[in-house]
Amino acid sequence: MSHLRARGLRKSYGDLEVVAGIDLELKPGECFGLLGPNGAGKTTTLRLCLGLIEPDGGAIDLFSLPVPARAREARQRIGVVPQHDNIDPDFTVEENLLVYGRYFDLKESEIRARIPSLLEFAGLNGRARSRIHTLSGGMKRRLTLARALVNDPDLIFLDEPTTGLDPQARHLIWERLGRLLRQGKTIFLTTHFMDEAERLCRRLAIMDRGRIIVEGAPRELIRAHIEPQVVEVYGDGAERWATEFGRARSERCEHTGETVFCYTHDAGLLVQNLESREDLRYLHRHANLEDVFLKLTGRELRD
Amino acid sequence: MTAKHLALPAFSLRHLHVWRRNALVWRKLAIPSMLGNLADPLLYMLGLGYGLGAMLSDVGGMPYVAFLASGIVCSSTMMSASFEAMYSGFSRMHVQKTWDAIINAPVTLDDVLLGEAVWAASKSVLSGMAVLLVAAALGLTQSALALWVIPVVFMTGLAFASMGLIMTAVSPSYDFFMYYFTLAITPMMLLCGVFFPLERLPGAVQAVAQVLPLTHAVALARPLMQGSVPADAALHLAVLVAYAAVSFYLALLLTRRRLLK
């Protein structure tokens, strides 16, 4: 039995088809990542799954309840971490959790009993009575996560949970999400950070212009869609080097700004040649999810 | 606008969670909030009532200050409900995204809006009651019938809260509310019998005033505070209920269009 299942989901705004026929399925206990550039339709997909907007086509089930018809009941078992923090600035940390718990029809005593462990989870011990404006960005994010757990949900939706956080704060969030997965929670994550997706998700889908272009385990996707080795070459002469030497000796070569990316199964010759070039800097590495992402969604900016 | 946006409201007791959320915020600022609510109407009532009233003989068969007190109970309710539904409502909807957070939980937007309307009406009852208490203390009420002003004030608050929520639903910013105050609230303040009897106005203006909600609130509150049962009470009440119901429905579908897209 799956927690979430969507078939042929569609949503248009005017002439723009923001979600153009996608299928999704989330099994209990898995972490599924929806990746895509800005404007790919990730947030719209999440809002459709939560039953906040009416799809133009397709069917959604959350915990076997039809969405949006019975979405409200289904949300009883769901926690949501939205893209932009919307914790209540008029309340303390503790009051935020208390008031949010009421929206789930939880008893006051029940919520109060949960607050200490939620604060511990969020690394906000001793902050129960702090006002929101005294919290750092990372703390606010963690409070939003704790708030999403107030109803002990089975499924947690996270919309770009670490956007705008510093590395320390991001790692702490990742560690906590790992803990939730070990407790058996199911996670539906959207992100445009490839390392985040690679680290957390057992399965992911890359979405662009409303469609899912590929889906699978991170390693599989890398294996299936990209050459295993990458040589990045930087500097003024990089482009000429590529024309004269690199392009012919790699399977694929891409060029953006002052950087050349050479994709290959065997980087031996490239590295040997670059060793002798004092004027060029280079990096030899394994292909990663970001390479797959850029190959499939292109390098041009999305605003 | 989709068919779903036009659906009739579906309410549940969960709207009380929203009401309680707002009440908890209010509790922290209760004293300054009450003083602010009281200062303005009291200045009108005492300044105009005794100052201007000293130069007038009876107005509408009662001392001017008593006449004015019943009008101010209603206008103060109108102001309080409108401010809460617009400025505070807009903060929660647009600036703080509080409503977005709530509808991610198992609470529908219908209940959020009902909670907001009932909350704004409740808060306006406090404003109306504060003026009523002062009026009673000054001996400007005549009998226990004045207690019936409480439900009248609540219904008035609900009508103005719902009208304010329409503005909130379509507003791009706080500045927008000035139009509503200039074009709707101020004219009602002046034309609906708060400061002087409606009959003093030219016929055409009277006709306009007859369809405005504040006129009907005053028509109920004034006799009640004077110790008599209002004429056509059912009609006046029906107008207030209609304003509340129609405005609430409009506010709801505009808010659905704004947030559920």
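**Where chain A meets chain B**

The contact draws 21 residues from chain A and 21 residues from chain B, with two residues in contact if their C-beta atoms, placed from the backbone, lie within 7 Å. This is a predicted model, where local features need pLDDT of at least 70, side-chain atom pairs count only at pLDDT 80 or more, and totals for chains, interfaces and linings use all residues. Residues are numbered from 1 along each chain as its sequence is written, while chains are lettered from A and ligands numbered from 1 in the order in which they are written.

On the chain A side, helices H2 (71-74) and H3 (93-102) each supply at least two residues; helices are DSSP runs (H or I, at least four residues), numbered from the N terminus. H3(A) gives the largest share, 4 residues.

Now follow H3(A) across to helix H2 (residues 15-28) of chain B: the two pack at an angle of about 160°, with their axes 9 Å apart. Axes here are lines fitted to C-alpha atoms over the stretch in contact, and angles run from 0 to 180 degrees between N-to-C directions. So H3(A) is roughly antiparallel to H2(B) (an angle over 145 degrees). Glu95(A), Val99(A) and Arg102(A) meet His17(B), Arg20(B), Arg21(B) and Leu24(B) there.

Inside chain B, look at helices H4 (residues 64-95) and H8 (residues 177-191), whose axes come within 11 Å and cross at roughly 165°. That makes H4(B) roughly antiparallel to H8(B). From H4(B), Ser75(B), Met78(B), Ser82(B), Met86(B) and Tyr87(B) meet Phe177(B), Ile185(B), Met188(B) and Met189(B) of H8(B).

Terms used:
Parallel < 35°, antiparallel > 145°, perpendicular 65-115°, else oblique.
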